[in-house]
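Subject: Structure handover

Hello,

Please find the structure below, with notes on what came out of it.

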Amino acid sequence: MKLLATTAIAAAVVAAGASAQTVSMGTNPQGSLAYSAGAGVAKVAIENAGVKMRVVPQGGPVVTLPLLNDGELDFTISVSVVTAFSISGGAMFKGRKQENVRVVASLFPLVVGMFVRNDSPFKTIADLRGKRLPSRYTKQKISGLFSQAQLATAGIGLDDVTGVPVPNGVRGVQDFMEGKVDAANWSLSSGKTRQAHAAVGGIRVLSLEMNDKTQAIVRKIAPGAVIGTIQPQPLYPGVMGPTNVLIAPFIVNASTKTPDETVYKVVKALHANKAKLVSVHKSFGQFDPAKINLDIGLPYHEGSKKFFKEAGLM
């Protein structure tokens, strides 16, 4: 039901923006947390900032960030890891620096886990050696990096599993639901993960080993992400007890070509409307307006900095 509600909100966002000058919000495909986050930001932008924002589902930040850099999109949603790689020209952006990308606001932590069916014999990440897992992630490289990082904490390389190529994480979860793979790697609070939980009779999230060695492994493969512990709660299906997962900040991005005043209005509205954001997706419950300018080692947009100074957050 939450996914349907989010989809309806996004549809309303598109309709509302159709009658006036609009700005675009690039997101991952429908069913992803990024899509829900983009719908929430757009709702607040329209209703509280007077900014007509249209949600544009794409293949993921490997697609949206270059479009943003070129001025073909005005805003995007991503995790800090992807934005960092885009600006530096590393990993999936090797040799292709996206120098016009800027951070607009820090929203909430992206919580990523590797999960199996609840009745599966696999109890640890190490048990996935030789098993069928989504691979390639041709249109969403960050999901592949998160998968690689989690497997590496157990000493498993990409050659140690049977890869089943997918374009993105949503497709990987779909393949899991259809029995084509033995485990999936995806945002634990996304609508697609809840759909999988219901479809297969329950999922179980595999806990990562958490120590200095595994933290260093994660930092090397996915800079900006860390291993953290989450507790059972409705937001995270398949979490049976204290569970160690990957965590990274989820952020809004804009281009240097996006007008400062537009960015200023959007950030100001986000800072003042947490309750409305939560009404779109529960993950916004972890949004802390006081940390909207969280220092993640990346440059913020001039429009954002204008609001931060005005609000005493610099």
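Helices (H or I, at least four residues) and strands (E, at least two) are DSSP runs, numbered from the N terminus. Two strands pair if DSSP finds at least two bridges between them.

This is a predicted model, in which local features need pLDDT of at least 70 and side-chain atom pairs count only at pLDDT 80 or more, while totals for chains, interfaces and linings use all residues. Residues are numbered from 1 along each chain as its sequence is written, and side-chain values use heavy atoms, with hydrogens and water left out.

Strand β10 and its partners

Strand β3 (residues 75-79) runs antiparallel to β10, and five bridges join the two. β4 is also antiparallel to β10, with ten bridges between them; here V101 has S255 as its partner in β10. Strand β9 (residues 226-230) pairs with β10 in the antiparallel sense as well, over five bridges, and I227 stands opposite L246.

β10 covers residues 243-255, and twelve of its 13 residues are buried, so the strand is largely enclosed by the rest of the structure. Buried means under 20% relative accessible area, exposed over 50%, and partly exposed in between (1.4 Å probe, protein chains only).

The buried residues are S80, V81, V82, T83, F85, S86 and I87. They pack against α3 (61-69), β3, β4, α5, α8 (212-221) and β10, where contact means heavy atoms within 4.5 Å. Just after α4, G89 takes a positive phi of about 75°.

K97 lies in the loop between α4 (80-88) and β4 (101-117). Is K97 buried or exposed? K97 counts as exposed because its relative accessibility is 51%. Leaving aside neighbours within four places in sequence, K97 is in contact with S86, I87, S88 and G89. I87 is ten residues from K97 along the chain, and their C-alpha atoms are separated by 5.3 Å.

Nonpolar cores

A nonpolar core is a set of buried Ala, Val, Leu, Ile, Met, Phe, Trp, Tyr and Cys residues joined through side-chain atoms within 4.5 Å. The largest one has 79 residues, and F75 and F146 have the most contacts inside it. β4 contributes the largest share of this core, ten residues. There is also a second, separate core of 19 residues, with F176, V205, Y236 and V245 among them.

Pockets and the cavity

The search ran on a 1 Å grid over the protein atoms alone: a cavity is a set of points where a 1.4 Å probe fits but cannot get out, a pocket is an open set with protein on both sides within 12 Å along at least five of seven lines, and lining residues have an atom within 4 Å of a point. Grid points are joined across faces, edges and corners, and a volume is the space filled by probe spheres set on the points. For the lining classes, Ala, Val, Leu, Ile, Met, Phe, Trp, Tyr, Cys and Pro count as nonpolar, Asp, Glu, Lys and Arg as charged, and the others, Gly among them, as polar.

The largest pocket has a volume of about 300 Å³. It is lined by 17 residues, of which S135, R136, Y137, G144 and L158 are the closest to its centre. β5 (132-136), α5 (141-152) and β6 (162-166) are the elements that give two or more residues to this lining, and α5 gives the most, with six. The lining has ten nonpolar, five polar and two charged residues.

The second largest pocket has a volume of about 210 Å³. Of its 15 lining residues, S106, F108, P109, P249 and L294 lie nearest the centre. β4 supplies the largest share of this lining, four residues, and β4 and β10 each supply at least two. By class, the lining divides into ten nonpolar, three polar and two charged residues.

The structure holds one cavity of 30 Å³ or more. About 180 Å³ of space lies in the largest cavity. Of the 18 residues that line this cavity, N28, L110, Q140, I142 and W186 are the closest to its centre. α2 (33-48), β3, β4, α5 and β7 (184-187) each supply at least two lining residues. The lining of the largest cavity has eleven nonpolar and seven polar residues, and no charged ones.

Regards
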